[in-house]
Amino acid sequence: MHASIAAELRCWAKELGLDSANVKIADVGSYNLNGAVKDILPSAVGFDILPGPGVDVVIAPGEIPDEDQGRYDVVVSISALLFAPDPRTLCGEILDLLRPGGRAFVSTCAPSCTLEHTGPEGFPDRWRLAPEEIMAFFAPVAGEWRYSGPDDHRDIVITLEKPCG
C-alpha cells in the first residue's frame, strides 16, 4: 500500500468513526503485498481470489458467498483493480458486500503512474483505468474521486455510499 493511500485511508476511517468494533468491514483484494488494510482497520475481513497473507475468505471472481452479501458497513479495496482479472467484476463484488447506506474506499494507480507493480503469484499489473471508467463500473451508485500521491506514482481514490433502499 502506498504511504499516501495509507494516510488517506486512516483519515477517512477517522472521519467515519471506523474504530468501533461494531462496524463490519470487508477488504476486497486483501492479499497483503506491501501493507494491509488490517494494519489500519484490524477488524476487516479479507476477501481475495487467492489464499495468502491477509485473506480470510477465498472467492471465485464475482461469487460473493450468500451469507456475506449486503453484510458490510464498509468495504475497502486497495490496488486490487490493478491485478483483477476483470475490473467490472471486482467493482460488483464491492457493491455486493455493501449493505444499503454502506460506504466504500477504493484506490488504484492512475493512468499517469509509470511504475510497474508485481501482483500475487504472478498476477500482472494490467489495468490503468481513468477515474470515469471506474465510476462507470459502480453505476448507478454515485461517488467522488480524487488523485493522491506524486505524479510518477499517482493513485486514484474513490469513495462511495450505497443508496438505502
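Helices here are DSSP runs of H or I with at least four residues, strands are DSSP runs of E with at least two, and both are numbered from the N terminus. With that settled, here are my notes.

1. **Confidence.** Keep in mind that this is a predicted model. The protein has a mean pLDDT of 84, with 87% of its residues at 70 or more. Strand β3 (residues 57-58) gets the highest confidence, at 95, while strand β6 (residues 143-148) gets the lowest, with a mean of 81.

2. **Overall layout.** There are 4 helices and 7 strands in the protein. Reading from the N terminus, the elements go α-β-β-β-β-α-α-β-α-β-β. Of the 165 residues, 48% are buried. If you look at contacts with a separation of 6 or more, 65% of them come from residues 24 or more positions apart.

3. The 7 strands make an open sheet with mixed pairing, in the order β3-β2-β1-β4-β5-β7-β6. β3 and β6 are the edge strands, each pairing on one side only. At the β6 end, β6 pairs with strand β7 (residues 155-161) in the antiparallel sense, over 6 bridges. Within that pairing, Trp 145 has Ile 158 of β7 as its bridge partner. Helix α1 (residues 3-16) packs on the sheet, where it touches β4 (72-78), β5 (98-109), β6 and β7. The directions of α1 and β5 make an angle of about 160°.

4. **Strand β1.** How is β1 joined to β2 and β4? It runs parallel to β2, with 3 bridges between them, and it also pairs with β4 in the parallel sense over 3 bridges. On the β2 side, Ala 26 is the bridge partner of Val 45; towards β4, Asp 27 stands opposite Val 76. In a regular strand, side chains alternate between the two faces of the sheet. β1 has both faces covered: Ile 25 and Asp 27 are buried on one side, and Ala 26 and Val 28 are buried on the other.

5. **Glu 8 in helix α1.** Is Glu 8 buried or exposed? Glu 8 is found in helix α1, and its relative accessible area of 18% makes it buried, because the cut-off for that label is under 20%. Leaving aside residues up to four places away in sequence, Glu 8 touches Phe 105, Arg 146, Ser 148 and Val 157.

6. **Helix α3.** The buried residues of helix α3 (residues 87-97) are Pro 87, Leu 90, Cys 91, Glu 93, Ile 94, Leu 95 and Leu 97. An α-helix has 3.6 residues a turn, so residues three or four places apart point the same way. The buried residues of α3 pack against β1 (25-28), β2 (45-48), β4, α2 (80-83), β5 and α4 (131-138).

7. **Salt bridges.** Side chains of opposite charge can pair when their charged atoms come close. The count for this model is 4 salt bridges. One of them joins Lys 38 and Asp 56, whose closest N and O atoms are 2.5 Å apart. Lys 38 sits in the loop between β1 and β2 and Asp 56 in the loop between β2 and β3, so this pair ties together parts 18 residues apart in sequence. Both count as partly exposed: Lys 38 at 25% relative accessibility and Asp 56 at 46%.

8. **Two further pairs.** Asp 68 and Arg 71 meet in a salt bridge at 3.4 Å, N to O. Asp 68 counts as buried at 6% relative accessibility, whereas Arg 71, at 39%, counts as partly exposed. Another salt bridge links Glu 161 and Arg 103, with the closest N and O atoms 3.4 Å apart. Glu 161 belongs to strand β7 and Arg 103 to strand β5, so the pair ties together parts that are 58 residues apart in sequence. Glu 161 is partly exposed, with a relative accessible area of 40%, and Arg 103 is partly exposed at 32%.

Methods
Residues numbered from 1 in each chain as written. Predicted model: local features only at pLDDT ≥ 70, side-chain atom pairs only at ≥ 80, totals over all residues. Heavy atoms only, no water. pLDDT = per-residue confidence, 0-100. Pairing = 2+ DSSP bridges. Contact = heavy atoms within 4.5 Å. Axes fitted to C-alpha atoms, helices over the stretch in contact; angles between N-to-C directions. Buried < 20%, exposed > 50% of the residue type's maximum accessible area, 1.4 Å probe, protein only. Salt bridge = Lys/Arg side-chain N within 4 Å of Asp/Glu carboxyl O.
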